[in-house]
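Hi,

Here is the structure I promised to pass on.

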Amino acid sequence: VIDFAGSGVVHLTGGTTALFATMLLGPRRGRFYDEQGEPLETPKPFPGHSVALQLLGTMILWFGWFGFNPGSALLLATPDYGKVAAHAAVSTALAGAAGGISALFTNLYLEERRTGEP
């Protein structure tokens with residue numbers, strides 16, 4: 001297994017930092033508690049965001065991954081660096097596709113559980 005640019009360390013550090021930041025900051029102000037600090041019966045709704053901007057950000061990230069992952073393989077000093085770069089590109093494409101399909105089916109399942117409609 002090749003760990004390009006220490007991605008294991010990068011993601012572990014980011015996840016740990018995010019965990020401690022959420023414990024430090026707590027929930028969003030005004031969503032779960034009123035101004036006096038009393039819990040609300042139901043949380044205030046959190047309005048949706050721009051789907052177009054979500055898609056744009058996803059495509060920018062995915063495009064960047066295609067530059068970074070296979071590009072990192074080209075820096076290897078091995079005779080089969082092209083094969084490693086091709087594997088990195090295919091893995092990047094399959095990971096994005098698997099994540100999208102997983103999100104789709106998770107959303108379908110949760111919506112069916114919430115509304116009772118298939």
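Below is what I found, going from the overall fold down to single residues.

Before anything else, keep in mind that this is a predicted model.

**Overall fold**

The protein chain has 3 helices and 0 strands, and its elements run α-α-α from the N terminus on. With a radius of gyration of 20 Å, against the 13 Å that the globule rule gives for 118 residues, the chain is more spread out than a compact globule. The C-alpha trace spans about 65 × 40 × 25 Å along its principal axes. As for burial, 7% of the 118 residues count as buried.

**H1 and the loop after it**

Helix H1 covers residues 7-25. Its 19 residues should span 27 Å at 1.5 Å a residue, and the end C-alpha atoms sit 26 Å apart, which agrees. Just after H1 comes Gly-26, with a positive phi of about 80°.

Further on, in the loop between H1 and helix H2 (51-73), you will find Asp-34. Asp-34 is partly exposed, at 25% relative accessibility. A polar atom of the Asp-34 side chain lies 3.1 Å from the backbone nitrogen of Gln-36.

Helix H3 takes in residues 81-115. How many salt bridges does a search of the whole structure find? The count is 1, and the side chains involved are those of Arg-114 and Glu-111, at 2.8 Å from N to O. In general, side chains of opposite charge can pair when their charged atoms come close. Here Arg-114 and Glu-111 are 3 residues apart in H3, so about one helical turn separates them. Their accessibility is worth a glance too: Arg-114 is exposed, with a relative accessible area of 61%, whereas Glu-111 counts as partly exposed at 32%.

The other item is a nonpolar surface patch of about 400 Å², made by Ile-101, Leu-104, Phe-105 and Leu-108. Of these, Leu-104 is found in H3, and Leu-104 is partly exposed, with a relative accessible area of 45%.

If you open the model, I would begin with the Arg-114 and Glu-111 pair and then turn to the patch around Leu-104.

Cheers

Terms used. Residues are numbered from 1 along each chain as its sequence is written. This is a predicted model: local features need pLDDT of at least 70, side-chain atom pairs count only at pLDDT 80 or more; totals for chains, interfaces and linings use all residues. Side-chain values use heavy atoms; hydrogens and water are left out. A salt bridge is a side-chain nitrogen of Lys or Arg within 4 Å of a carboxyl oxygen of Asp or Glu. Helices (H or I, at least four residues) and strands (E, at least two) are DSSP runs, numbered from the N terminus. Buried means under 20% relative accessible area, exposed over 50%, partly exposed in between (1.4 Å probe, protein chains only). A polar contact is a pair of N or O atoms within 3.5 Å; within protein, one must be able to donate a hydrogen and the other to accept it, and residues adjacent in sequence count only if both atoms are side-chain atoms. The expected span of a helix is 1.5 Å times one less than its number of residues. Patches are made of residues with over 30% relative accessible area and no salt bridge: like charges are joined within 9 Å, nonpolar side chains (Val, Leu, Ile, Met, Phe, Trp, Tyr) within 5 Å. Accessible areas come from the Shrake-Rupley method with a 1.4 Å probe; for residues, only the protein chains shown count as cover. The radius of gyration is taken over C-alpha atoms; the globule rule is 2.2 Å times the number of residues to the power 0.38.
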